[in-house]
Amino acid sequence: MTIHAMNSNLSVPEQPAQRILECEKVNVFYGDYRAVTDVNMAFGQNEITALIGPSGCGKSTLLRSLNRMNDLIDGARTEGLVTLHGENLYDKEVDPIAVRRRIGMVFQKPNPFPKSIYDNIAYGPRVLGMKPSSMDDLVEETLTRAALWDEVKDKLKQSAFGLSGGQQQRLCIARTIAVQPEIILMDEPCSALDPIATSRIEDLMRELREDYTIVIVTHNMQQAARVADRTAFFTALQDETTGNRTGVLVEYDKTTKIFEDPSDQRTEDYISGRFG
Amino acid sequence: MAFSNMSLGGQIQKASLKGRVRGSESSAKSITFLILLWLGLLIAFSVLLVLIVTTLLDGYTRLDARIFTNYPSANPEKAGLRPAILGSLWVIGTVAVLTIPLGVAAALHLEEFANKHNRFNRFIELNVQNLAAVPSIVYGLLALGTLTLIGVKEKNIVLGGAVALSMLVLPVIVISTREALRAVPMEIRQGSLALGATPLQTAFRQTLPSAVPGIATGSILALSRALGEAAPLLVLGALVFVRFDPNGLLSGYTTMPIQIFNWTSRPQPEFHVLAAAASIVLLAILIAMNAVAIIIRNRYQRRW
């Protein structure tokens, strides 16, 4: 089986025109264990970048290091530079809370707050002290942007737990864009959803790309091929002396190149289903 | 491979599926075990049943309006539980006000903010568990000593009793609040933090509100334990013969368990009937509190 990049977006430049977020020699450790080794890559503004690779290749770990969510895990440590507009996120004077306000995150399992649909959206702007002229308008705009307004406009005061899984995940995306981040990180956002809900999220991602930069981790290669402008393939390398496995970036290129003409044999093996 | 002589399944088998499987639910071993389990339940349940039935039989004749309206008296026909009921309410109310904010705050710190690898924090954690197992009379003695040390002469006041019972209840509230907080899924905290909320905002706006039903249940159960305590209050010299309504934190008081204790130690059999009637009132209040706790738990319990 071969997968063809379906967005066939020939306008994607060879290199990101605007590098919004860059990784330079990024290493992530959990205690003594090195989960990700020496990742160098740049994310283009208003592009969708997919991180793919077999389980345990460190792609989710790398994603979480991009908005300092890894800081919340005991013993996690990031070395190297992650820069947003040239500013190091791990600088001593940078507050991780400020980082997360600029770089939002959507998780694998939809995790709406145990509140009403309205309050799920309003929570972010409220805690960030944003003073919109009208919270009602902000909620409506945000839900419209996330293609959820028509489905929920009559039940804004009802619990978000009453929504379907796909709707919950779109609510989580809406909640993220309500605080107007620059970048949205998505950690396998469709892995708990059925194909129809998945396709709606993918449509949404393509629309959001106009205003946001999106980085998505996915196990679904077809998904990467469908939505991503660029794709990075990661794999796990085993250290011959210690036996430890660590994630490395194998190949990072335009999605069309990765899926149609990969330059590394390991990438080709993975996307053609021979490995992983 | 030398599989030739072994049958590893996969062949057509002619044997019937009927009959018992060894170790299945209908085997002798399983049935014996099940009987033992039922027996254990039966013993526990029958003790409770005997207790309730005998108390009811002993006390129902005296369970009338007098017990709620009258003050204690040397004449068992006129004696009532009124000041003891009010005293219990005063003491438990004060305990609730003292312990719930303190216990919830301590639990929130231990669960959400304290570094769990820090030795000092682990020492505290371990000792909160130990404190919950300390006999209540020890807390009575501690309260007695403390009140003496700070120069309080009249120790048989509502506040003194409440302090002793608070020490008894606090570790239980801390433990049950921690459990309620732990039951809030990590994803909720992560979702909040990923939006740029601070850990403090996350704790107060997401984690704590989600844990409120669990905290309420645990607190009510802890308070109902304190309601039945007599020992620490007796150590503090709580009055056993009160002919006035307690009217403040510094007022003298008696509580239901103390009144029951007093009546059972009298020689006249009429007072024993009165004690049984008072026990019924106390049991009814305890059962009502536990019922409220169960209702809260079932009604607001979230299935994540």
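These are my notebook entries on what I looked up in this predicted model.

**Ground rules.** I number residues from 1 along each chain as its sequence is written, and I letter chains from A and number ligands from 1 in the order in which they are written. Because the model is predicted, local features need pLDDT of at least 70 and side-chain atom pairs count only at pLDDT 80 or more, while totals for chains, interfaces and linings use all residues; side-chain values use heavy atoms, with hydrogens and water left out.

Entry: I picked out Leu36(B), which sits in helix H1 (residues 28–59) of chain B. Helices here are DSSP runs (H or I, at least four residues; strands are E, at least two), numbered from the N terminus. Is Leu36(B) buried or exposed? Leu36(B) is exposed, at 54% relative accessible area. My scale is buried under 20%, exposed over 50% and partly exposed in between (1.4 Å probe, protein chains only).

**Entry: Asp58(B).** Helix H1 of chain B also holds Asp58(B), which is partly exposed at 47% relative accessibility. Leaving out residues up to four places away in sequence, I found Asp58(B) touching Val273(B) and Ala276(B); contact means heavy atoms within 4.5 Å. Asp58(B) and Leu282(B) are 224 residues apart in sequence, yet 15 Å apart in space, C-alpha to C-alpha.

**Entry: two bent helices.** Helix H6 (residues 158–182) of chain B has 25 residues and reaches 34 Å between its first and last C-alpha, close to the expected 36 Å. The expected span is 1.5 Å times one less than the number of residues. H6(B) bends by about 35 degrees at Val169(B), with Pro171(B) following within four residues. I take the bend as the angle between axes fitted to the seven residues ending at a residue and the seven starting there. In H8(B) I noted a kink of about 50 degrees at Val212(B), shortly before Pro213(B).

**Entry: salt bridges.** Side chains of opposite charge can pair when their charged atoms come close. How many salt bridges does the structure hold over all chains? There are 22, each a side-chain nitrogen of Lys or Arg within 4 Å of a carboxyl oxygen of Asp or Glu. In chain A, Asp150(A) pairs with Lys153(A) at 3.7 Å; Asp150(A) is exposed at 62%, whereas Lys153(A) is partly exposed at 40%. In chain B, Glu111(B) bridges to Arg178(B) at 2.9 Å. Glu111(B) lies in helix H3 (residues 82–113) and Arg178(B) in helix H6 of chain B, so the pair ties together parts 67 residues apart in sequence. Both Glu111(B) and Arg178(B) are buried. Shared partners join Arg62(B), Asp64(B), Arg66(B) and Glu77(B) into one network of salt bridges.

**Entry: a loop serine.** Last, I looked at Ser251(B), in the loop between helices H9 (231–235) and H10 (256–264) of chain B. Ser251(B) is buried at 9%, and its contacts include Asn156(B), Val158(B) and Phe244(B).
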